[in-house]
Structures are given as C-alpha cells and as structure tokens.
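Here are my comments on the model you sent.

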Amino acid sequence: MRAALLRLRRGTGLPVAFGGLLEGSRQVRIGELIGTGTRALQGLAISSGNGLGGKAVALSRPCAVTDYHVSRHISHEYDAAVAAEGLRSVLAVPVVVRRRVRGVLYGALRTAQPLGDRTLSAAVAAARDVEQALVVRDEVRSLLAAAREAGAAAAAEAGPGPGAWEQVREAHGALRALAPRVTDAALRAELLAVCGRLESAATVPAQPRDRPVALAPREVDVLSCVATGVTNAEAAERLGLRPETVKGYLRSAMRKLGAHTRLEAVVAARRAGLLP
C-alpha cells in the first residue's frame with residue numbers, strides 16, 4: 001500500500017496520498033498517510049456509500065470532487081477529518097480484486113481545482129499495483145494452506161504414499177515459483193519457512209557418502225519445477241524467466257549435484273534434503 005501511494009504521488013503530482021484496505025465486509029480503514037500534516041485521517045473507518053471513498057467502494061469505480069466541502073455529489077460524514085487536513089480537491093480509486101473492492105487509494109490537493117484525466121489514470125495505475133499484490137498474497141495463502149494440509153497428510157501415513165507426496169511436491173514447486181513475487185516481507189518469510197519444512201521432509205534418506213550440496217535459490221526453484229514434470233518452457237513461465245535462463249540454472253544445479261539427467265538431479269536434490 002505504501003509503495004502504491006508513493007507511486008500515486010509521483011505519477012499525479014498530488015502532494016497528499018493516503019489509503020487503506022477493507023476490514024470486514026463494508027469498511028475501509030485508512031492505514032497509510034503520505035504528505036499529511038496531521039493525524040486526523042489515520043485509522044478513519046470509511047463505510048460503503050459514505051463520503052468520497054465510500055462512494056468509490058459502493059460503485060467500484062474512481063470518483064473525484066473539485067471541492068470536497070461543498071460537493072453535492074457525496075455525503076459528508078468525514079468533513080471534520082478532511083477539514084483538519086485542509087484538503088479540497090480529492091480523488092478516490094477503489095482497489096478491486098475479482099470484482100470485490102479490497103481497499104481505496106486517495107490523492108488530494110489543498111486547493112480547489114479540477115483533477116484531469118492524466119491524474120486519474122496515474123492513480124488508477126497505482127491501484128493496479130495493490131491489486132496485483134493482493135492477488136499474489138491470496139494465492140500464497142491458499143498454497144500455504146494446501147501445503148500444510150498435504151504435508152500433514154503425508155506425515156500421518158505410516159509409509160507416505162505417492163499421492164500425498166505428489167501433492168506436497170506440487171505445492172512446494174508452486175510456492176517456490178511465487179516467492180520472488182511476494183513483496184510482503186513477513187508473508188515471504190512464512191512462505192519460505194513452509195518451503196523449508198517441506199524440503200526437510202524429503203522421503204529419500206541421506207547417504208553417509210553424500211557431501212553437503214549448496215544450490216542457489218533460483219537453482220532450487222528450477223529443480224522444484226522440474227520435479228513436478230514440467231518442461232523448461234513451462235518452468236520459465238512459472239518463474240518469470242527466459243527458457244535459456246532456466247536451462248542455465250538447471251545445468252549449474254546438475255553440475256553441483258553430479259547428475260547427468262534431469263531425473264538424476266531431482267533424486268540427488270531430494271537425497272540432499274533440498275526438495276521434498
């Protein structure tokens with residue numbers, strides 16, 4: 001959210017930017033402020049339909065006013081907070097994920113003047129950043145839940161069957177592919193911690209003669225995709241890399257693991273505890 005607000009300020013030239021995400025089913029809580037002179041807007045709960053932001057939530061589209069305090073197109077539940085900050089021209093852009101509003105970004109001036117189409121377009125682009133981040137976060141949380149469930153199912157079996165471990169490996173590969181796209185540090189740390197637990201649950205026991213192998217994170221990412229049976233091109237698409245780059249990482253990993261084929265590399269990585 002903060003990164004998107006900074007982009008909004010840069011792209012629009014508006015000195016004030018603030019916003020927040022949906023809490024519950026109908027309220028947006030203002031949690032980030034940039035360029036404000038007071039704390040009047042901090043923590044403000046915006047209900048659907050109320051004020052400019054509430055109108056944007058209710059309509060699921062951007063809304064703007066030239067002079068907030070005298071506008072007849074919005075309700076005025078939040079006039080005191082807006083007046084305390086001295087805001088006049090304000091725009092509000094909803095953050096919409098899968099047709100559901102998840103938050104609102106605001107940009108504002110302390111003078112009353114029209115906000116043009118270029119300003120609105122830049123604000124919408126900033127909102128798209130938040131939407132993409134939320135899509136990734138939702139996907140990560142879904143995969144984390146699936147990974148934990150699959151791991152628990154595999155661990156509960158006296159002799160882990162191929163079906164349960166196949167789910168674990170699919171979840172592990174998907175999580176490794178998503179990790180570089182996660183900007184939330186806490187969520188990324190949680191994701192990588194789950195990957196680590198899945199990797200430590202490798203079904204192939206280490207052999208006394210095996211020497212520790214250190215692979216680069218991207219080499220592990222590529223091997224985790226290869227382990228699910230995808231082609232280099234498919235692995236490249238998952239990881240956001242070029243196919244030639246995937247081939248390079250795979251060759252490097254195979255050399256470090258002393259493997260001559262993709263399958264040998266996967267088996268060696270599992271024996272080393274690098275893959276589940």
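The points below refer to a predicted model.

1. The sheet is open and holds 6 strands in the order β3-β2-β1-β6-β5-β4, with antiparallel pairing. At its edges are β3 (45-47) and β4 (63-65), each of which pairs on one side only. Between neighbouring strands the average turn is 25°, direction ignored.

2. The antiparallel pairing of β4 with strand β5 (residues 90-97) runs over 3 bridges. Val 65 has Val 90 in β5 as its bridge partner.

3. Helix α1 (residues 2-12) packs on this sheet and touches β1, β2 (27-34) and β6. The direction of α1 makes about 65° with that of β2.

4. The aromatic pair count is 1. The pair consists of Phe 18 and Tyr 106, stacked at 4.5 Å centre to centre with 10° between the planes. Phe 18 lies in strand β1 (residues 16-23) and Tyr 106 in strand β6 (residues 100-108), so the pair links distant parts of the chain, 88 residues apart. Phe 18 is buried because its relative accessible area is 5%, under the 20% cut-off. Tyr 106, at 5% relative accessibility, also counts as buried.

5. The axes of helix α7 (residues 217-226) and helix α9 (residues 243-257) come within 9 Å and cross at roughly 95°. The two helices, α7 and α9, are therefore roughly perpendicular to each other, as the range for that class is 65 to 115 degrees.

6. On the α7 side of this contact are Arg 218, Glu 219, Val 222, Leu 223 and Val 226. They meet α9 residues including Val 246, Tyr 249, Leu 250 and Lys 256. By class, the contact of α7 with α9 has 8 nonpolar, 1 polar and 3 charged residues.

Conventions: Residues are numbered from 1 along each chain as its sequence is written. This is a predicted model: local features need pLDDT of at least 70, side-chain atom pairs count only at pLDDT 80 or more; totals for chains, interfaces and linings use all residues. Side-chain values use heavy atoms; hydrogens and water are left out. Axes are lines fitted to C-alpha atoms, for helices over the stretch in contact, and angles run from 0 to 180 degrees between N-to-C directions. Helices (H or I, at least four residues) and strands (E, at least two) are DSSP runs, numbered from the N terminus. Angles under 35 degrees count as roughly parallel, over 145 as roughly antiparallel, 65 to 115 as roughly perpendicular and the rest as oblique. Contact means heavy atoms within 4.5 Å. Ala, Val, Leu, Ile, Met, Phe, Trp, Tyr, Cys and Pro count as nonpolar, Asp, Glu, Lys and Arg as charged, and the others, Gly among them, as polar. Rings of Phe, Tyr and Trp (its six-membered ring) pair if their centres lie within 6.5 Å; planes under 30 degrees apart count as stacked, over 60 as edge-to-face and the rest as tilted. Buried means under 20% relative accessible area, exposed over 50%, partly exposed in between (1.4 Å probe, protein chains only). Two strands pair if DSSP finds at least two bridges between them.
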